[in-house]
Amino acid sequence: MSAIAEFLKDDVKRSVLLLIVSAISLVLSFFKVLDLPFDIAWVAIILCGAPILWDAATGLILRHDIKADVLVAMAIIAAICLQEWFAAGEVALIMEIGGLLEDISAAKANKGIEKLISMTPKTGRIVEGGSEREVPVEEIAVGSIVRIRPGESVPVDGIIVSGTTSIDQAVLTGESVPVDKGAGDEVYSGTMNMTGAFDMRSTKASGDSSMQRLADLAASVDAEKTSVVRIADKWATYLVALVMVLALVTYLVTSDIYRAVTVMIVFCPCAFILATPTAVVAAMGNLTKHGVLVRDGDSLERMASVDVFTFDKTGTITEGNPSVAAESADMDEGRFRMLAASAESLSEHPLGRAITDHYRSLGTEVVGPSEFSMTVGRGVRAVVDGSVVLMGNIELLKENGIDVPPSRMASAEGLYGNGCTIILVAVDGSYAGFIALSDTMRPESKEAVAELGGMGIRTVLLTGDNSRAAEHMAAEAGISEVVSGCTPEGKLAHIETMQSGGSKVCMIGDGVNDAPSLRKAWVGIAMGGIGSDIAVEAADMVLVGDRVDSVPHVVALCRKMKTKINVNIAFSLCWNFMAVCLAMFAVLGPVEGAIVHNVGSVAVVVNSVLLLVMGRRAHRSGASSSDA
């Protein structure tokens with residue numbers, strides 16, 4: 001009994017069982033195999049039809065809401081009134097089959113997330129006073145030292161403080177080979193430690209970990225949110241009126257109640273109802289399989305019309321792992337390094353982390369600043385060991401009345417030309433030097449930009465970097481339009497300008513400073529692996545493995561999805577009107593009408609589900625413009 005109870009807890013398995021029983025009852029009814037005091041089709045009517053009738057009645061009576069399921073309920077009731085048990089059962093069955101296909105598609109969409117959650121450990125090993133203590137993962141506080149042994153999963157996000165190892169990050173990033181990690185490297189919850197033991201300092205609580213953040217995003221997936229779905233429900237009111245008029249006219253002209261009921265059965269918009277949700281959920285399932293999480297179906301519909309892509313630079317088209325390439329100090333070098341490393345020690349920006357990690361690796365002492373503040377798009381201000389330290393771009397120093405000697409700026413010109421980012425440093429109101437950092441281009445960025453261009457999409461680089469560094473990286477990636485020196489407000493204003501001119505803009509970014517632009521853009525995409533919490537929350541989609549080359553597939557799939565939705569809707573309406581004409585001229589009876597009507601529903605669902613198997617490179621061969 002326990003095994004049966006466990007089986008029935010699974011919604012999909014329970015639905016499959018009910019559908020099998022209902023289908024068998026309809027076959028027996030159609031061929032009149034059993035001699036029972038009642039028609040065996042009542043099994044299908046009760047199991048499949050009762051939920052539909054209940055939903056339609058509660059919506060109509062309690063919320064005064066006429067949706068498409070009201071039409072389905074009307075067809076079932078009309079067939080029952082004429083004692084056409086098979087027709088009533090079949091209409092109910094096909095609607096439940098459509099619902100099951102949606103459930104299966106949704107299950108595929110969440111399969112990857114369930115895998116992430118299942119691989120996240122429930123406990124971790126804290127090191128305190130030289131001893132180890134195993135605690136629930138929820139009790140691991142930020143800053144705790146956690147020990148990970150070979151073969152164990154990382155319980156929370158953190159930074160390695162001692163030991164070297166190889167980490168299998170496939171579940172998070174899709175990388176096929178383990179990545180070597182050592183002191184100073186970041187590790188993420190749910191990834192697998194393959195070789196050596198290491199100690200790490202946790203940087204996030206379990207509820208804020210990479211895995212949990214992505215799981216929470218996936219939990220918000222809702223295929224019912226697309227505007228096309230809302231329009232379909234809105235049309236239901238007019239369709240109810242239309243079908244009643246057609247049925248009444250048929251009866252008045254022919255005096256044949258069976259013809260009138262057949263019109264109601266064949267006009268039942270099962271295919272119309274299924275046209276959008278099945279395509280949206282199938283597209284979500286496909287994208288999840290390719291490492292893209294989607295917040296809601298509406299963003300997929302919007303993505304289909306995007307014609308401009310704007311990219312942030314650091315961490316988006318570049319690796320986001322900058323390193324110190326050069327430095328110039330106008331003061332004692334040791335103190336310069338200590339002040340710079342300490343001032344950036346509380347920064348979340350990749351450049352700030354790179355500076356602190358670099359100098360710490362050289363043995364520089366890092367002192368916690370007594371004061372710290374960050375001006376997004378400018379830099380940081382910190383009080384370290386009694387000195388006021390400013391680190392950022394030229395605008396930050398100018399705003400604080402600090403002049404940079406022309407000779408020092410001239411020495412940085414060559415570094416700018418090589419794509420370096422320059423962080424200017426001032427101490428106690430005077431210029432103190434600069435630090436040059438370089439980043440490497442993501443190997444897939446150039447390919448992604450080229451593919452987007454081939455799809456007729458304009459690409460723009462929006463970055464806070466100086467013009468020379470920005471233009472160098474843009475040229476390397478193949479991006480022709482560059483807007484450099486952007487503050488967060490500047491990025492936002494540029495996106496607003498493009499959109500007010502009629503463009504549909506998709507913004508891709510990863511940092512806190514990208515969050516306003518991600519939310520303002522027609523569609524926002526965040527880098528899930530290295531992106532900040534705020535950026536991920538502001539975005540409509542997340543690239544789990546930070547693979548920019550997934551973006552062309554997203555665009556192609558969304559365009560394909562929109563085309564399928566339009567084809568599904570047009571087909572379903574044409575099919576229904578054809579069936580109505582045949583019913584009005586008595587070519588179809590109630591049973592034949594139900595069969596013809598349901599063939600259209602199955603065709604729509606099958607066409608949508610084919611989105612699940614669309615390959616990542618299908619758009620290259622023009623598959624995105626064809627339909628099943």
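Predicted model: local features only at pLDDT ≥ 70, side-chain atom pairs only at ≥ 80, totals over all residues.
Is Ala432 buried or exposed? Ala432 has a relative accessible area of 3%, and because anything under 20% counts as buried, Ala432 is buried.

As for its location, Ala432 sits in strand E17. If we set aside the neighbours within four places in sequence, the residues in contact with Ala432 are Ser328, Ala329, Asp330 and Met331, together with Phe336, and then Val425, Ala426 and Val427. Another residue to look at from here is Met391, which is 41 residues away from Ala432 in sequence, while the two C-alpha atoms are 9.9 Å apart in space.

Let me now turn to the sheet that strand E17 belongs to. Here 6 strands make an open sheet, and if you follow them across, the order reads E12-E17-E16-E15-E14-E13, with antiparallel pairing. At the edges are strand E12, residues 323–329, and strand E13, residues 371–375, each of which pairs on one side only. On average, and ignoring direction, neighbouring strands in this sheet are turned by 20° against each other.

Strand E1, residues 123–128, pairs with strand E2, residues 131–136, in the antiparallel sense, over 6 bridges. Glu128 stands opposite Ser131 of E2, and the hairpin has 2 residues between its strands, with Gly129 in the turn showing a positive phi of about 60°.

I will move on to two pairs of helices, starting with helix H2, residues 11–30, and helix H3, residues 42–62, whose axes come within 8 Å and cross at roughly 150°. Since an angle over 145 degrees counts as roughly antiparallel, H2 and H3 are described as roughly antiparallel to each other. The crossing of H2 past H3 is left-handed. H2 contributes Leu18, Leu19, Val21, Ser22, Ser25 and Leu26 to the contact, and H3 contributes Val43, Ala44, Leu47 and Cys48. Sorted by class, that contact consists of 8 nonpolar and 2 polar residues, with no charged residues.

The other pair is helix H10, residues 270–289, and helix H23, residues 590–609, with axes that come within 8 Å and cross at roughly 15°. That angle makes H10 roughly parallel to H23, and their crossing is right-handed. On the H10 side the contact is made by Cys270, Ala271, Leu274, Ala275, Thr278, Ala279 and Ala282, and on the H23 side by His597, Gly600, Ser601, Val604, Val605, Ser608 and Val609. By class, this contact has 9 nonpolar and 5 polar residues, and again no charged residues.

Two further residues deserve a place in this account. Ala79 lies in helix H4, residues 68–81, and is buried, with a relative accessible area of 0%. Beyond the neighbours within four places in sequence, Ala79 is in contact with Glu84, Ala87, Ala88, Val261 and Ile265. Of these, Ile265 is 186 residues away in sequence, and the C-alpha atoms of Ala79 and Ile265 are 7.5 Å apart in space.

Ser503, by comparison, is found in a loop, the one between helix H19, residues 488–500, and strand E20, residues 505–509. Not counting residues up to four places away in sequence, Ser503 touches Asp307, Val308, Arg458 and Met498.

Let me close with the protein as a whole. Its secondary structure comes to 23 helices and 22 strands, and buried residues make up 51% of the 628 residues. Among contacts with a separation of 6 or more, residues 24 or more positions apart account for 68%.

Methods: Residues numbered from 1 in each chain as written. Heavy atoms only, no water. Pairing = 2+ DSSP bridges. Helix = DSSP H or I, 4+ residues; strand = E, 2+ residues; numbered from the N terminus. Axes fitted to C-alpha atoms, helices over the stretch in contact; angles between N-to-C directions. Parallel < 35°, antiparallel > 145°, perpendicular 65-115°, else oblique. Left-handed = near helix turned anticlockwise from the far one by under 90°. Contact = heavy atoms within 4.5 Å. Nonpolar A, V, L, I, M, F, W, Y, C, P; charged D, E, K, R; others polar. Buried < 20%, exposed > 50% of the residue type's maximum accessible area, 1.4 Å probe, protein only.
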